[in-house]
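Let's take a walk through this protein, one group of strands at a time. Keep the 3D view open as you read.

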Amino acid sequence: MNPVKTVQNKLRNSENLLKLEIVTTQYKGNPKECFFALVSNKSCPYEQAIFLFRPRKIFSLSGGLELLIVLPLTKEIQIIQKSDGFLFRWLTYDTTLWNITTNNKKLINTLIKHIEEVSRYQREPFHALSNSHKWMWYYESAIPIQVRSIEYNTENNSTQKISNVLLPEHYGKDMMNAYIKDQLKIRETEYTEIRDIKMIIGTWNTAGKGPSEDLFLWFCCQNDVYLEPEQSPDMIVICLQEMCELSPKNIVGDDVRMRNWMSHICNQINDSFPGNQYTIVGDEHLMGLLTMIFVKFSMRDYINEIKTSCVKLGFKGYVGNKGAICMRFDLFESSVCIINCHLAAHKNQAKLRNEQIKTISKEGKFVLSSKEFRNVYEHDFIFWAGDLNYRLNNLSTDSIINKINAKHFSELLEYDQLNIEKRENDILAEFHEGKIDFMPSFKYRIGTTNQFNTSNKRDPAWCDRILWRGEAFLMRYGICNYIIQSDHKPVFSSFMVPAKHTDPLLFEQVKSEVYKTVDDMHHESMPKLKISENFVEITGVRYKTLLTKVLTLENVGANILKFEVKHNRDLGLHKSWLAVEPEEGTLISRQIKELKLNVYFGKNQARKLNKNPEYTNCIFVLGVKGGSDFFIEIQCKINGSCFGASIQNLIKIPQPIASLSEKLSTFADKSTAAMEIPKELARMVDFLKSKGYREKGIFQEAGDTEIKKDIRWALDTGDPFREDADIFSMSNILLEFLDCLEQPLLLPDLVSEACQIFQTNSFPAARNYLVNNLDQISMKNFLYIIDFLKNYIDNSLYNGLTAVFLAKLFTEPITHFMEMENAGEYNPSVKILPTQRNQLLSMFLYS
Amino acid sequence: MDDNSAQAKVVLLGEAGVGKSSIVLRFVADTYHSDIEPTIGASFLSKIVNLSEGTIKFGIWDTAGQERYHSLARMYYAEAVAAILVYDITNRKSYEAMKNWHKELVEQGPKNLIVAIAGNKEDLVEKEQVEMEEAKSFAESIGAIYKKTSAKTRYGIEQLFKEIAIKIKDNRSIVTREKRGSIRVTSAVSQQPGVAKEKKCCS
């Protein structure tokens, strides 16, 4: 089975599985392999939680996974590294929640990084009612108790690490959304107002009887303590249990009885509060259970999304003997859930009742109009009412009766099972209950106001309770002794529920203000770069001479700045004559750095220059990470040069090339002059001739860089060579000149053909082929060089040069064979080896 | 995590002087200056837009309009979600240039690019050279959003970006539905000797 799918099946559609890792954990028992999942809520992805699933021993239909623990990824989490894994702790709580064994440091780093980020904006400690991770309460039973407890978390949270600042990298990310949510929460009072809603909630087990009494006292929350009737509540919630007899014969309930109860209660409520009209907005029944929600007529538009979920609690063969009706609704913009339950009876069933409460909270689910799922815990206000059936432990009937008569309720409540389970077994742990300063609600002699019926070993007990979670205020809590038709007394409570009412216009306004602040913060924090120039003209650029232009970059923003040259080779904008140094870098605020533009025209660049006049212009993009891009334009004014030019053009230019004001080819086209040999080539050859042919090392020694630079310049300007110019430097420049020619003297295809003829026929045939096929100018220049080189072979006794050696040296500069082959400009049909080419040239030198 | 979920790259293209930067500045900072300098580069600004179904954060790239920078624009529209093609309603040449931009986007731009056409300088409507009907029917023919705008008077600016935002959201929800969940399960434990390997459940 695919673990991702298995885990995803255990999550809701509204949740994202971000990471899944198999780890070993020792949570509750022996080490076991578990699924460690990082989960987020889709509507607020920065709210992340850790889920730990354990494969069940016996795989069940539900995917075979048991959810062990859910932990919100908030600042309260402490992750402690061990040699083989990690410990998870909650706050400074000294017991480890659980530990995992994993080598995956990356996973843990992700968690730690997220916790760090969360610490930037999390203001509120995490607890059952906090604004964040509301969705997580769906998995309420898997949330460890120390994580749930509001008291614990607020106490220990005095040292809060909050910087609440967005860093530039947070914009547009989850962190920004978290920040916005936080800001909206802080400013909530600006766009919401609190409507105090008076809500009366009553619960009553009617012992299977139909309505036969006036219930005004119950609805008005009146008894011997509360003498005055409660004034016109906004809402009245009525929870009945056993409103009809249930037996193995009748397990579906009784519709007639239900209608009787509804009409009775409806009429009596409207009679209880004269001058107010109440309307029923929600009702549901489940066998003996009946829930009704009444609201003042004027309020009915503010109660929306009323949804119901019934949970049947099968027990001892009966189906639906016990159960719960969960109803939820939106009260203005707050959400309310009301649970009316009837749990298992009898003193010895406390554990079963605990399980039933867990079942109800797990199975009570609502589908909202938006198709979103909600469970009972995902509400702002939760009221848990009904016949919870918890009894008193360890006391004799007599001592109970005595204490009741003495009104020592608090003493008795020490033995109350619900209080004990709440405290010891986390049952409804974060629910509040009002002070019980009234008689137990069960079990009375029917028809009496305060006589307990202790037959069948039924001790008096506070079976009927109303608890709540959320920031509601309890005003009254008591029972109605004067209602006598049931063995239970009705229990009433009245609450002030502060519901949030959002003004949509104000909310939009605050939202746009918050967004504006974030935008402003973003623009403020955005890296700002100042560049000294964005148009650079570089003059006096010469062949093979490095020129550097320096720009200054200044970080004029408040934050660190990273810049880089953005290369876009596919845009064809890159010019190889430009090298930017450095190509990337970092500047702290106010720092100034130099950006060097190195311009260098070598062989390849020089050739392109003659083909494309635009070649000397270049725009490059200097990007600032997280900020704007700069376009920097460079124009080179380059001096004309014989390097990279063609022989055909050069022979037409009698004056120094550097002095030309227009492009070489343009000038050559107009020129009527025609030399046989370019003056530059002739000057080099003449120079070498003048030094004789006997010196050793010519064409082999590298020569002097500075001298070579001046020779090139002198060739282009027509200036005399410097006095210390030597044959080594000069011979190098001669080779370079040939190598750079826009077109080789002998084109590769001619060379190939000649080589083949030479191989299959004879050298004279090859020679003839060349003479017949090569243009005159190239031929003349070629032979000019051959003739010149022959002088060296004639003096080989002195200089040690051989035809083979010279051929090897000159073949490539004369033919550009390899270069064109490598560049894909020449694709021979028959492969000609370098030795064959060299051979051909050496034959010329011999002949 | 999907970092792009909240951010959408929008690029403004159009001839020099049609008001691209002014549109951005009006939208982002609600300011207007009649004499801003030509953009040399691609300036980046951002703005969060509020929609009923959530927010969208625009990362707006305002490109230089001068012809010599034309070829660089591809760097910006290549990864954009939406492109705003701006022309000046008082300048027919800029309208033709806008059409050429569209042609280039079709040929070289990303697939599913959302295109919006903004006929800017609506405040100078008396000097109009391109009639709205013409531009509108062109926009319709290419499936683009069309808005007349004036960075000077705010006219149409908000709506322009809002319509783009809505279209982005619509497209996104389709995309997210298409590519769901691709998580790898790693097991560091199984690399350890002595621990049973790949003990998957239900197999």
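In E24(A), Asn555(A) is the bridge partner of Leu529(A). What you're looking at is a predicted model, where local features need pLDDT of at least 70, side-chain atom pairs count only at pLDDT 80 or more, and totals for chains, interfaces and linings use all residues. Residues are numbered from 1 along each chain as its sequence is written, chains are lettered from A and ligands numbered from 1 in the order in which they are written, and side-chain values use heavy atoms, with hydrogens and water left out.

So what's a strand here? Strands (E, at least two residues) and helices (H or I, at least four) are DSSP runs numbered from the N terminus. Two of them count as paired if DSSP finds at least two bridges between them.

Now zoom out. E22-E24-E28-E26 is the order of 4 strands in an open, antiparallel sheet of chain A. At its edges sit strand E22 (529-531) and strand E26 (578-581), each pairing on one side only. From one strand to the next, the twist averages 25° (axes are lines fitted to C-alpha atoms, and angles run from 0 to 180 degrees between N-to-C directions, with helices fitted over the stretch in contact).

Next, hop over to strand E7 of chain A, residues 98-101. Strand E6 (residues 85-90) joins E7(A) through 4 bridges, antiparallel, and Phe88(A) has Trp98(A) as its bridge partner. Strand E1 (residues 15-25) is joined to E7(A) by 2 bridges, also antiparallel, and Thr24(A) partners Thr101(A).

Which way do the E7(A) residues point? Trp98(A) and Ile100(A) go one way, Asn99(A) and Thr101(A) the other, and all are buried (under 20% relative accessible area, with exposed being over 50% and partly exposed in between, using a 1.4 Å probe and protein chains only).
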